[in-house]
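Trainee: I would like to take a close look at one part of this model, and I would be glad of a connected account that sets that part in its surroundings.

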Amino acid sequence: MRDKVLNIIIIHVMVFLFCLFVYVAPTHFTFLNWNVFLSLLPFDFALVVATTHFKSVKSIFLVLWLLFFPNAMYMMTDFIHLNAIGTDLDQATQYFNYAILATGIFIGVGLGILSLEIIAQALFKNHVHIIYFIVTALVSLLSAIGIYLGRYLRLNSWDMFTNFSDVIQNIVSSVGYHMVTFVILFAGAQFAILVIFHYGVRLLNINLSVEK
């Protein structure tokens with residue numbers, strides 16, 4: 001238990017230090033602080049789901065996790081902001097900003113991946129491959145839709161509570177080739193990343209030894 005708490009503290013400290021650095025550094029990407037914070041929320045919601053013994057609390061935070069999970073994977077699209085500095089990486093300011101942007105994106109996506117791992121372990125005590133693939137595919141699909149709504153329609157997770165009818169209307173009116181193509185591609189990208197990470201972690205948890 002002590003090690004778990006320490007790990008959680010270290011993760012939050014690293015996120016805080018990154019945000020502090022972005023805040024004080026002369027960078028074009030100060031928006032990363034907000035995006036990384038939103039990526040931290042599903043991680044914290046997943047921790048509540050994994051640790052609470054109250055089913056009502058678990059259900060509430062599971063819904064919150066699902067609503068905010070796309071915020072973490074949304075950061076895969078933040079590379080679009082490279083157009084603010086160019087992609088040649090010829091100058092120190094370019095690769096300085098590139099490094100900050102890449103770090104923020106990897107932190108955000110990493111937090112999202114970790115949150116799904118925590119949710120999977122909390123809800124499915126016994127690992128069943130087919131169930132994991134179905135759940136991950138469904139989460140990836142819903143997340144891709146959420147990313148599309150955030151990137152192109154500029155909707156937020158909390159709009160589901162404050163403007164639910166507008167969200168549904170925007171989804172219906174946006175269905176088309178552009179949306180479908182984006183959702184399929186990014187659902188597939190997320191599914192690949194999540195599966196590789198998941199089975200990589202499972203591999204590390206196995207007591208590997210060289211047979212003599």
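How many helices and how many strands does the chain have, and, for the close look, which side chains meet in the salt bridge?

Mentor: The model is a predicted one, and its chain has eight helices and zero strands, so that the pattern read along the sequence is α-α-α-α-α-α-α-α. The C-alpha atoms fill a box of roughly 50 × 50 × 35 Å along the principal axes, and the radius of gyration of 18 Å agrees with the value near 17 Å that a compact globule of 212 residues would have. Of the contacts in the chain with a separation of 6 or more, 78% are between residues 24 or more positions apart, and 38% of the residues count as buried.

Turning to the part you ask about, the structure holds one salt bridge, in which the side chains of Asp 78 and Arg 151 meet at 2.9 Å, N to O. Because Asp 78 lies in the loop between helix H3 (55-73) and helix H4 (92-123), while Arg 151 belongs to helix H5 (residues 129-151), the pair ties together parts that are 73 residues apart in sequence. In general terms, side chains of opposite charge can pair when their charged atoms come close. Both partners are covered: Asp 78 is buried, with a relative accessible area of 0%, and Arg 151 is likewise buried, at 13%, where the cut-off for that word is under 20%.

Helix H5 also holds Ser 143, which counts as buried at 1% relative accessibility. Apart from neighbours within four places in sequence, Ser 143 is in contact with Phe 69, Pro 70, Met 73 and Gln 190.

Phe 69 leads on to the largest nonpolar core, which has 46 residues and in which Phe 18, Leu 32, Trp 65, Phe 69 and Val 109 touch the most other members. Two or more residues of this core come from each of helix H1 (2-24), helix H2 (32-51), H3, H4, H5 and helix H8 (177-205). Trp 65, when residues up to four places away in sequence are not counted, touches Pro 42, Phe 45, Ala 46, Ser 115, Leu 116, Ile 119 and Val 139.

Methods: Residues are numbered from 1 along each chain as its sequence is written. This is a predicted model: local features need pLDDT of at least 70, side-chain atom pairs count only at pLDDT 80 or more; totals for chains, interfaces and linings use all residues. Side-chain values use heavy atoms; hydrogens and water are left out. A salt bridge is a side-chain nitrogen of Lys or Arg within 4 Å of a carboxyl oxygen of Asp or Glu. Helices (H or I, at least four residues) and strands (E, at least two) are DSSP runs, numbered from the N terminus. Buried means under 20% relative accessible area, exposed over 50%, partly exposed in between (1.4 Å probe, protein chains only). Contact means heavy atoms within 4.5 Å. A nonpolar core is a set of buried Ala, Val, Leu, Ile, Met, Phe, Trp, Tyr and Cys residues joined through side-chain atoms within 4.5 Å. The radius of gyration is taken over C-alpha atoms; the globule rule is 2.2 Å times the number of residues to the power 0.38.
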